[in-house]
Amino acid sequence: MEGNRTWDPDTWGSSGEQSAPQKARRGQSLASVLNELPSAATLRYRGPGMPPWGTLQEEDEDGERSIQAFVEPSQMELPDPRPSRELPWPMQARRAHRKSQAREQVAYGPGLRAAHWARLLPRSKEKMKEGLRTLQPWAWTLKRIGGQFGGGTESYFSLLRFLLLLNVLASVVQACMTLLPTWLEGAPPGPPGPDTSLPCGSYSPHTQGLVSFPTQLFNLLSGEGYLEWSPLFYGFYPPRKYLAVTYLCSVFAVGLICLLLILHRSVLGLKQTLLAESGALTSYSHQVFSAWDFGLRGDKHVRLRQRIILYELQVELEEAAVRRQAAARTLGQQARVWLVRALLNLLVLALLGAAFYGVYWATGYTVELQEMPLVQQTPLLKLGVNYLPSIFISAVNFVLPFVFKWIAPLEGYTRTVFLRLASLLVLLFSLWNQITCGGDAQAEDCKTCGYNYKELPCWETRMGQEMYKLLIFDLLSGLALTLLIQFPRKIICGFCPGMLGRVAGTQEFQVPDEVLGLIYAQTVVWVGSFFSPLLPLLNTVKFLLLFYLKKVTLFSTCSPASRTFRASTVNFFFPLVLLLGLAISAVPVLYSIFQIPPSKVCGPFRGKSSIWAQIPESIDSLPQTAQNFLFFLGTQAFAVPLLLISSILMAYTVALAHSYGRLISELKRQIKAEAQNKVFLAQRAVAMSSASGAL
């Protein structure tokens, strides 16, 4: 029966006569439908010989399509230099392209082969980059963490791995530019004796007589005794000309390497953040239709990818809910929110002021406590007094973030950044106050030598010891927190399902606090690397232990965080804070190099008016041609052309960015037109199906 007849796709290309109902069911041709699209001018390159949409050859009178256009490449098109398998073309076009390349290789010979090798070079570079990425340590561990705990937690371990790389590079530079020159020029001399005839006092770092085990342990934790005169600290290195230059250059080399690598990581994070904020890669359709990797093999990888997509969808939903909540606020509600925030900020400023005064008091009062007879006779009490600034800073950094979160959860992390870095600045300011007599060069203790030589005969080593104690105490406090609080809390929560288990609660891995702890620890190392050259090596060991400790803690005691974080935002924000830490660490180091006179009884710069004075003296010993070249670099004849070239390059970069922006906007418009095309085609298909059903 005619009414039971169904639509057969083969009738679109079958030969022979067709009945009137069949011709009616065919409706309009494909070319006419495509010409009615909203973007009628849309052209899609489909390979050599493939005509654009709307110009396909229709069926002949016998109903057969001509496939000649799919096979013969157009002579008007330039050959694509890429291999055939990489081209998004039909199989017929790829075969034709492969045959054309073979004929051209025979015809042109060596010239084409050279071009072929030139094309292979970028591909080799890409493969080399992929090989280096496969050699990255803990790659599979980071994937597991990202799948189970989200991209924010994965970003913490990725940052920890990055900081570990920075410390390894810094350790290599310090070993090559500081340790090797020290022993290549001969064995360094021993510690100075107690010579009271020197105008700037005496310096005797070694303890006289038999040393007990508690004292040895105290020296290990405080950096005094046998560690004070060792390659760990500044005072050990002898006053040799070439060693002084390499010692100073190593500091600038480490700073430059860290700056370039952090900037490179920040740029990569900025790209991901811009893509995330643009909405191009964060829409639900992208997560649902384009996020799956069809090359996965194995149940473990499949489940891991499923959890990653689930976490990304959760981030999208939470951010959408926050945006809806903010948009629904009235003007009165917004004013009330700002009033509450202003009052809370006043309270937070009061707490920060009290914390900073406490750090300043603890640092200044330590010197007075160390001179008490009771403290000198009790090793444990002496150790506690020496660690008083470190203990106070760690206590402030541990307690106040919880107070900030309780006061204002939405803004606690910015205050935590300020608290950690500012507490370190307060400690450095108090040490500067002791070294320079409060900046008064005419004071009685600083008038003779330019620094407080009575209390601090080797002030550079004292600075290194303070940073060393901060590093050791940070490691010990992290171990104590894990072993004495987190693991027992997990045991209580697991074995006590009643009220006690609910009070203990499940632990969450707090990504912002943990990352800021890493940045604080790295800033301490950057400050102390000039005064303690082996501090990056110690920090490498510390971060290596910390990685495995945090990994075990994460998988055994923590649950996924209730508050999610977008990985792209985290990867951009935290490198910026790391740059801030690097800038803060550069201030005391540069001030010490250019302003404070070096110690007269220790270090490679003893006897100089300033640490930087060694560089002009070394330049004066160079040949005249080298001196002229170096002095030319500091003249206007070099600075003005450099500024002009930089301005031209900047203008070119801005113009290139604008052109890329216009191109991206045009591509977005084309994508929008393609979406309209798909909707139009779907509507026409429904209409044609309805019409064929009616017939």
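**Close-up 1. Glu466 and Lys469 sit 3 residues apart in helix H17, about one turn of the helix.** The model shown is predicted. Glu466 and Lys469 form a salt bridge, with 3.3 Å between the closest N and O atoms. Both residues are buried. Arg462 joins Glu466 and Lys469 in a network of salt bridges. An α-helix has 3.6 residues a turn, so residues three or four places apart point the same way.

**Close-up 2. Glu666 and Arg669 meet through their side chains in a salt bridge.** The N to O distance is 2.5 Å. The two residues lie in helix H24 (residues 636–694); because they are 3 residues apart, about one helical turn separates Glu666 from Arg669. Glu666 is partly exposed, at a relative accessible area of 34%.

**Close-up 3. A salt bridge joins the side chains of Glu617 and Lys608.** Here the N to O distance is 2.7 Å. Glu617 has a relative accessible area of 39%, so this residue counts as partly exposed. The structure holds 6 salt bridges.

**Close-up 4. A nonpolar patch on the surface is formed by Leu476, Leu479, Leu483, Leu484 and Ile485.** Together these residues have about 470 Å² of accessible area. One of them, Leu483, lies in helix H17. The relative accessible area of Leu483 is 53%, and the residue is therefore classed as exposed.

**Close-up 5. Positive charge gathers in a surface patch of Arg95, Arg98, Lys99 and Arg103.** Arg98 belongs to helix H4 (residues 91–108). With a relative accessible area of 46%, Arg98 is partly exposed.

**Close-up 6. Trp138 has a positive phi, near 60 degrees, although this residue is not glycine.** Trp138 is placed in the loop between helix H5 (110–134) and helix H6 (139–149). Its relative accessibility is 17%, so Trp138 counts as buried.

**Close-up 7. Cys437 is a residue other than glycine with a positive phi, near 55 degrees.** The loop that holds Cys437 runs between helix H16 (412–435) and helix H17 (459–495). Cys437 is partly exposed, at a relative accessible area of 22%.

Close-up 8. H19 is mostly covered, with 17 of its 18 residues buried.

Key. Residues are numbered from 1 along each chain as its sequence is written. This is a predicted model: local features need pLDDT of at least 70, side-chain atom pairs count only at pLDDT 80 or more; totals for chains, interfaces and linings use all residues. Side-chain values use heavy atoms; hydrogens and water are left out. Patches are made of residues with over 30% relative accessible area and no salt bridge: like charges are joined within 9 Å, nonpolar side chains (Val, Leu, Ile, Met, Phe, Trp, Tyr) within 5 Å. Accessible areas come from the Shrake-Rupley method with a 1.4 Å probe; for residues, only the protein chains shown count as cover. A salt bridge is a side-chain nitrogen of Lys or Arg within 4 Å of a carboxyl oxygen of Asp or Glu. Lys and Arg count as positive and Asp and Glu as negative; His and the chain ends are not counted. The place of a charge is taken as NZ of Lys, CZ of Arg, CG of Asp or CD of Glu. Helices (H or I, at least four residues) and strands (E, at least two) are DSSP runs, numbered from the N terminus. Buried means under 20% relative accessible area, exposed over 50%, partly exposed in between (1.4 Å probe, protein chains only).
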